[in-house]
Amino acid sequence: MGLNVALRGSDSPCKGRLEVRDDKGQWGLVCHFGWKRENGQVVCKSLKCGDEVESGIEMTRYRDLSQPKQYLMDQVDCISNEMSLWNCGFDGANKKVCKDDKQDSFITVQCSGAVKLSLDLNGQSGKCAGVVQYKTSEGRIFGVCESDLDDKKADKICQELGCGNHRHIPKPGLFKVNQSDENVVLNCDAKDQFSWQCMESTKCAERASVICNNYERFRLRGDNNNLCSGILEKYSVTNKAWVPVQKSDITDDICTQLNCGGNFTTDYKNNSLRLTCSADVKLRNFTSTCFGTVSVSVNGFNYGVCYSKSNKGLGEQVCKELGCGGVLSEEEGSVLTEGLLTNVECLGDETSLWHCLAKHEKKRCKPTTVICAGSLDVRLSDGLGRCSGRVELQWGGSWKSINSNGWTNVNSDIVCTHLKCGTSVKKNPLSFTEGKQNQLETRHFMCESSSAKLHECLKKERPLSILPNVQIVCQKEELMFFEGDSCKGRVLVKSFNETEAKANRPVANKTEANDICRATQCGDVAHSFEIQNDTYVSVTCSGSVSVTLRNKNNEQCWGTVEVCQNGKCGGVCNIEKEDSEKICNDLGCGKPIQSQLKNPTQYHGSVTHYSVHCLNEVKKISMCRFIPISGDYCQYPAQVICTGSVKAKLEDPRDKCAGTVSLFYRGKLTPVCHDTLNAELSNAICRELKCGEFIPTTVSRDEFQKAELSKIKCQSDAKSVSECNLEDISDKGSCTAGYIKCTGWKRLLLYKKKDPCSGPVYALSGGKTQPVSAQGWGKEEGQEMCKYLQCGSYITHSNKTKGTVELWNKTYTCSGKTNIWECERDNQPSQGQLNIKCDAKPPPISLSKGCTGEVRINKEENVCSSHLDNHQMHSELCDSLGCGKVFHSWSTEMQKKDCWHFSCTGKETLLWQCGSTKGSCNKILSVTCQKGMEFGSTEKCGGKLAVKYGDRWVYVCGALNEAYKKEVCEVLNCTNGQKLVEIKDVAKEMVTIKCPGEYGNISQCVQVLKEKCTEDLAQIKCEGYKKIESPGNTGLIVGLSLGILGLLIMVFMWMNRRRLLLVLRNYRNKNGKDINIDRNEMKNMEKEDRGGEDADDRSKGSSGTEYDDIEGQNSDISLPQTHADDDLPLLPKRPNNILADQDTYEVEIENKEDYDDVMPVENAGMAETQALVDVAVDAGTGSEAGTGVNADAVVVTTEVEVHAEEE
């Protein structure tokens, strides 16, 4: 977005109306409030326009229709060292007006400097072409980055200079460039009047140049001897053509523009102005026809044309100028030279390379080499004759072979036609030597039509991939073969445009017969040739030909193809499928496997032949035509693998007739994929190894190896892998290696607990464990046994007295053997059992968390679970760690890493007595022993019972009997700071508790439940059990109860509200204040309560006549001052005449009720009456009677004794 600050409305980018642009791309004005000189200094500095001359509010100048309608800044506050106005403090105005009187105003800035745009054409300006640059009044030069300039920006620059639109943006380096102080990029929008207004400082490697439409191009035409002399022409943009220049239009610097010196002379030829400059320039011809290094001669000195990837049209111009057709290649030369032209750019309408746009300066550089179409030729090499072989193209003076990628029959036809060999054989039956010539890498040979010329078939794109060289056979090529046995019989000739072989023409003498023997690679003629009826000839030659397969192990059916001719043997470089079939069939080795050896065998002989060609009539490989190699290098001679070479092997560090399956295939043992090992293939392997039949229950192993074998198909009766169908055998890449066990499986082992590498030796086979006899054992046999047991070196052995147990029916003799199974002999032993001692001390084994966790070797290395899936061995492991028996084991997925793999039979008592190896694994083993379990419950000393093993809690399925519960409570130890089991921590799995007849503790009774639990979960209640009430239910019940109680109290108080009011007021005045009671108040309330009952009804049954209603008195009430209970309010004195009568009133008052209509009274006119009131207040626990109106509920019971006084 540039600087986001600009000065507009003037004739210079360094003065005018100040505009700013926000991050949304919206332009706006700046309000004058708070404006100061430092703000203007920041503006001028950011625009690189010198110092601030003046700045401030303006209402008239620099105004135009394009100015923004809103203000984006106000109260700008700079301190003059900011890089941009946007770095200063300001208020975001975003309003339509600035002054209060609604008149338009804005900030204007005038800077001291100026910026001038120009195009520098090799030191000249004003030519509408050159390097784009800005120059400030201080003399600083700013360039524009080449990578930033596009057509729109180039048009703006040319228009700003009055040069029209741009015509061309040259590549960097076309013009001489002055050193710039700084470079900028242009981020312009439609509002920018000057390109400088949208500049932004940056760094870049190349500066931009522009050629505008108004730039005048000149050329000289008509003199090849001197490129600086000829008819002067100028390109007319209007006419889009070259037109002659009149003498009056010639400027003094015309020769300078033509790079032809300074002085010139003119004359007229055929009414055209001829110009001759002072320089003498020639384009030098190539040293060879139509290809070579481009150079020019200037005043007798030769200069190269420097190569650059930015050169444009150079090769086309040179080939056209020298009459060599089109350009095929333009490359960099290899030797430094003195160059003169750099960054050449030809537009295509020049008369000479010299008149192309270029940078003219002397410099050391690598020159440009050009190959034109006139230099091409083609041939066929190392074939049977002139019309067959490897296609080679003459390219730049060297013969190059052609990549076969994308090669078509049309291409072959054009080559054969060019060589006058007819058309091509559509399917090439021959294979020729690749030759020493390099392939043509810079071009792709592709003819688009059968009439194309050679140079029209060369495409500039490179071949998509590197494939073997193109080899073709044209129809006019002929071959000669013997019909019968090798090197004797009738001679046949067949050309490639014929469907059948025909008898060779009769030969007239022995010389011609010798030629036949040599042509068929059979030496010289051995006997006189015979002509029969002048139609064919029968010849017997002295030589012989044989073919076999060689390898370093002298094994049959695989190896390097070796051809012996006349006593001289050598390898063959290439063999086709049909040839391999003949070889395997001739040697009785089955069929060929269509694959090469992984590691080519080291063939010590030389490679004497390149390929083999057989006619359909030939049945034996020795009768085919072996095409000799001609001074070529063959990296690997051809090799053939027949099905008869594939052998099976079972690899295991300890087992015989069991292990990872490998096949001897392609010259090495290669593992077989587990998915391929079906019953048919597995049985074929077991039978081939004389190991009986395949045991179907064998599980797969987690070996991860590369380049495994798959797609092997066997019949059910196959007795070896070589009898299987191996035609589709392939590498799967990476897969799980297959593992099988045969019925003949056996292993030697130790299983006593004392030491993993010492003790009696046993043999396990056919489900029986038998002692191994010590008969014949010595140091050599002991060393092989310790190596086999993976127990280091042999120390000693002893002979345990023979008991009644039957001994293993094998003895061992290891002289010259490499493993213990090779030492085995079928002899019935007579001595006692072998007891061996080896020196190895295996590393310690542990669990990561005491009696539970990952199985670790040396505390760090993991154990793979897929091999060690034997429950018995897990128990032996727990037992060896003092953790009881195993409770549970599981595997954990992880990224593949090296782990220990153990292969156990279940007879061992120590893990290191198993077979072990290290390899890749993605499932590691974890074990929980009985002592690694933990009991817990969901409540303190009770609740649901849970068991923890590993890192998870699980519930117990099924109720426990009392004996089990007692033992669980003892183990739980809940009174000692028990941590409760939280429901969220409990896994979905479950266990059950079922004890055997005899057991030591309850942990031995826990079993993993493999089926769904159909019973209730086990619950326990131990001593100290405390049930945890559900917070949610208790709160609900209490809340409802309190709510109902409160509602009843409120109803009761409402019904008795008026009776309580008077008592409450008296109670409030318990400190002795005088009160007046409205004598009609009680009466009115009584009346309201009784619904208007008359006085007679009210007085019925009363012994106190009118005094029964104490509220009906009219006399004053006197309050005694000596009452003992300050908490009780006083009532009027009872009259004497009713002293004997006593009425008691119980008054209940309801607080939280305001009675605005009831007013306290000081005197009620009851001077002759006195009442004694006893008040009992229940204000709840901790309350004090009379605290009154803010209590939730106050019930006041008042007993009123009314006495009558004598009048």
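Visitor: Which residues of helix 8 are buried?
Guide: The buried residues of helix 8 are Leu681, Ser682, Asn683, Ala684, Ile685, Cys686 and Glu688. Please bear in mind that this is a predicted model.

Visitor: Why is helix 8 described as largely enclosed?
Guide: Helix 8 spans residues 679-688, and seven of its ten residues are buried, so the rest of the structure largely encloses it. Buried here means under 20% relative accessible area.

Visitor: What covers the buried residues of helix 8?
Guide: The cover includes strand 45 (647-651), strand 46 (656-665) and strand 52 (739-749).

Visitor: Let us change topic. In what order do the five strands of the open sheet run?
Guide: The order is 68-67-66-65-69, with mixed pairing. At the edges are strand 68 (1006-1008) and strand 69 (1019-1026), each of which pairs on one side only. On average, neighbouring strands of this sheet are turned by 55° against each other, direction ignored.

Visitor: Which helix packs on that sheet?
Guide: Helix 12, residues 962-972, packs there and touches strand 65 (934-949), strand 67 and strand 69. The direction of helix 12 makes about 50° with that of strand 69.

Visitor: In what sense do strand 66 and strand 67 pair?
Guide: Strand 66 (residues 952-956) and strand 67 (residues 986-993) pair in the parallel sense, over three bridges.

Visitor: Which residue in strand 67 is the bridge partner of Tyr955?
Guide: That partner is Met990.

Visitor: Now the surface. Which residues form the nonpolar patch there?
Guide: The patch consists of Leu1047, Val1051, Trp1054 and Met1055, which together have about 450 Å² of accessible area. Val1051 belongs to helix 13, residues 1031-1055.

Visitor: Why does Val1051 count as partly exposed?
Guide: Val1051 has 45% relative accessibility, and it therefore counts as partly exposed. That class lies between the limits of 20% for buried and 50% for exposed.

Visitor: Finally, the whole chain. How many helices and strands are there?
Guide: The protein chain contains 16 helices and 72 strands. Of its 1207 residues, 48% are buried. The chain exposes about 60,600 Å², and carbon and sulfur atoms supply 46% of that area.

Visitor: What share of the contacts with a separation of 6 or more comes from residues 24 or more positions apart?
Guide: Such residues account for 68% of those contacts in the protein chain.

Definitions and conventions: Residues numbered from 1 in each chain as written. Predicted model: local features only at pLDDT ≥ 70, side-chain atom pairs only at ≥ 80, totals over all residues. Heavy atoms only, no water. Patch = residues over 30% accessible without salt bridge, like charges linked within 9 Å, V, L, I, M, F, W, Y side chains within 5 Å. Areas by Shrake-Rupley, 256 points an atom, 1.4 Å probe, with all protein chains shown as cover. Salt bridge = Lys/Arg side-chain N within 4 Å of Asp/Glu carboxyl O. Helix = DSSP H or I, 4+ residues; strand = E, 2+ residues; numbered from the N terminus. Buried < 20%, exposed > 50% of the residue type's maximum accessible area, 1.4 Å probe, protein only. Pairing = 2+ DSSP bridges. Axes fitted to C-alpha atoms, helices over the stretch in contact; angles between N-to-C directions. Contact = heavy atoms within 4.5 Å.
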